[in-house]
Amino acid sequence: MSSAAPAPSPAPAPSSNEGRPVGELVVALGALALGLYTVVGSFGIAVPSSASVMGPRAFPVAVGLLLVAAAGLVLAGLARGRRGEAEGGEDVDPGVRDDWRTTALVVAAFVAHLALIEVVGWAFAAAVLFGGTAWALGARPWWRGPLLGLVLGLVVQLVFAAGLGVTLPPGPLLDLVPVLNGRGPGG
Amino acid sequence: MAPVGDVGALLDGFAAAAQPQFLLYALIGVFLGTAVGVLPGIGPAMAIALLLPLTYTLEPQAALIVFAGIYYGGMYGGSTTSILLNTPGESASIITALEGNRMARAGRGAAALATAAIGSFVAGTIATVLLTLLAPTVARLAVRLGPADYFALIVVAFVTVGALLGSSVPRGLVSLGAGLFLGLVGTDTLTGQQRFTLGLPSFADGIDVVIVAVGLFAVGEALHTATRMRHGPVRVIPVTGSWRTWLTGDDLRRSWRPWLRGAAIGFPIGSIPAGGADVATFLSYSAERRLSRRKEEFGHGAIEGVAGPEAANNAAAAGVLVPLLTLGLPTTATAAVILVAFQAYGIQPGPQLFGSEGPLVWALIASLYIGNVMLLVLNLPLIGLWVKVLQIPRHYLYAGILLFAALGSYALNFLVADVVVLLAIGALGLLMRRYGYPVAPLVVALILGPMAEEQLRRELAISQGDLTSLVTSPFAAAAYLLLVGLVVASLWLRRRQRRAEAELAALLDEAPRPVPTS
């Protein structure tokens, strides 16, 4: 899990940990807001007369206070320049600037996928997610990702239908294929 | 010591697990686990979370045997990745793997892989024996624990996982609090009141732990990698020679003591609720370095620095199963996901488990032994295959991870709403990783939070609101004392770790650093 990196890279790599900690501030304030919401929201929980010594409110209040206190400590640390250390990984390059554009493209592919599942069918929505993500992450030529995604999606759909007896949404196109539409042969 | 009856039960377990179809399931488990574990960026927790939906059609016994295989296999696969991939990560758990990476670059990759594999087997088997001996006894004692005792144990787990393990105490606590909050969402079990559901019907039964686990580990990791992806070709260090001659006599002489020491360090640390494999590998590494007569080799590929920590890692993984199976307490993120897998089959780990589901548990433990042997036999000869897996282009790898994550959460209930929640949790995971919040406390708190509240309320109902009853039970009092001891010990450890890391960083700076290819 995440822990302190052994040492800063000797090469002066551009790091987004320089400059003002806007992102960190937003996340810490978000945690603070969640804590406050939890405390305030606890008092909106109805307490039935059957409740014993400790009702349904006390624990949520404690959780909210923990969040407020912990977020406060993070904010206090930030004010004194204690920044969070981004988690490393085999495919994470610690020496580059954050590329939020790529991340946004991947999220967009994901959103398109979940919006399309029940419209065009799971396999085609899978092609959108796989192809979009692969392209955003640098796969070229552009058509190879969606093609692989479609093959993968069709295989999964077939395995689910034939092997597990579970029907993923076939969509209008595959609805004509007996195995995939969940209605059995000729249905 | 285990009574004779346990030996008989274990033998029955072996008889069950040795049936051809269960052997096949164990083989599938270790194979899938290793394959997924070899993939960079996928740890054992994510491997189990991603493969969870595939097992829904299996019967419980078969599914648990598959999971046992995935659990051990994922660990094996992970060490292969860190030894052969030319991009050492930055997190502390990989410090030890760096040693193997240095060996590989010096042309001794085969020896590093072999000592890791055999060490994992030796330590894994020793630890599984200890698990076999210890677990039934712990379960028998645990039957007598009251709600206050359980609450104390959970508090110990919260503090160690949330505050003591990460690099930043406040961030660990925020992660813990966020997990506790997500655990609150749903219907209160004691009074039937809805809490924090925002009036949405899909939250009335709570947020599915599988979705949270897959979202944090798979989607969060993929999005985090997308923000800072390492581009360019994947560089795998070539392994030369036949696997039969990988470990020379000298290597073996230098390895066997670290293997045993690793097992001795790993198992106890894994089995107390004090946080899993990272601590164990680090302790083993620094112990080997202190005991070695060739200190100058550390940081440049000392075989002891691979053998010890890899053994400790596997022994800790088996140790984690002790509190999980006997108390129902997951103390690592991976254990939390395994608990979810149990619950998916309506099985609640805890003191009753060895009584109510005896044959099932013993078959599971037997399959841990069998899986360990299979891994040893499979992995060295199959190294060529794992090298190919390592070379999967990263854009397709992460596209595939996202696709199977989306599939897994959709296949739970066939609701698009679940996939929306998955993406939201994934975005949370991205922010947490990016800004240094550990994700393990969130998953552990999500599972233990509702248990903690239930035990607390039960205790206060029994004692009619007397708060002192929480600490007056001898067991609970001992647990809180242990906690104080752990806090003191971790402060000391943290100082040591910082010093060790500084020394290691100095060593690494002398050696040539990998050149970024972008």
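Which side chains meet in a salt bridge at 2.9 Å, N to O?

Guide: The side chains of Arg434(B) and Asp98(A) form that salt bridge, with 2.9 Å from N to O; the term requires a side-chain nitrogen of Lys or Arg within 4 Å of a carboxyl oxygen of Asp or Glu. The model is predicted, so local features need pLDDT of at least 70 and side-chain atom pairs count only at pLDDT 80 or more, while totals for chains, interfaces and linings use all residues. Residues are numbered from 1 along each chain as its sequence is written, chains are lettered from A and ligands numbered from 1 in the order in which they are written, and side-chain values use heavy atoms, with hydrogens and water left out.

Across the interface of chain A and chain B, the rule finds four salt bridges. Twelve residue pairs, both at pLDDT 80 or more, are in polar contact between chain A and chain B; such a contact is a pair of N or O atoms within 3.5 Å, where within protein one must be able to donate a hydrogen and the other to accept it, and residues adjacent in sequence count only if both atoms are side-chain atoms. On the side of chain A that touches chain B, the largest share, eleven residues, comes from α3(A).

The contact (heavy atoms within 4.5 Å) takes 88 residues from chain A and 87 residues from chain B. The two chains bury about 7,800 Å² between them, 70% of it on carbon and sulfur atoms; buried area is the accessible area (1.4 Å probe) that two parts lose on being put together, summed over both.

Aromatic rings also take part. The whole structure holds eleven aromatic pairs over all chains, a pair being rings of Phe, Tyr and Trp (its six-membered ring) with centres within 6.5 Å, stacked if the planes are under 30 degrees apart, edge-to-face if over 60 and tilted for the rest. Tyr37(A) and Phe181(B) are edge-to-face, because their ring centres lie 6.3 Å apart and their planes stand at 65 degrees. Tyr37(A) belongs to helix α1 (residues 22-42) of chain A and Phe181(B) to helix α7 (residues 169-184) of chain B, so the pair joins two chains; helices (H or I, at least four residues) are DSSP runs, numbered from the N terminus. Tyr37(A) is partly exposed at 37% relative accessibility, whereas Phe181(B) is buried at 10%; buried means under 20% relative accessible area, exposed over 50% and partly exposed in between (1.4 Å probe, protein chains only). Together with Phe196(B), Tyr37(A) and Phe181(B) form one aromatic cluster.
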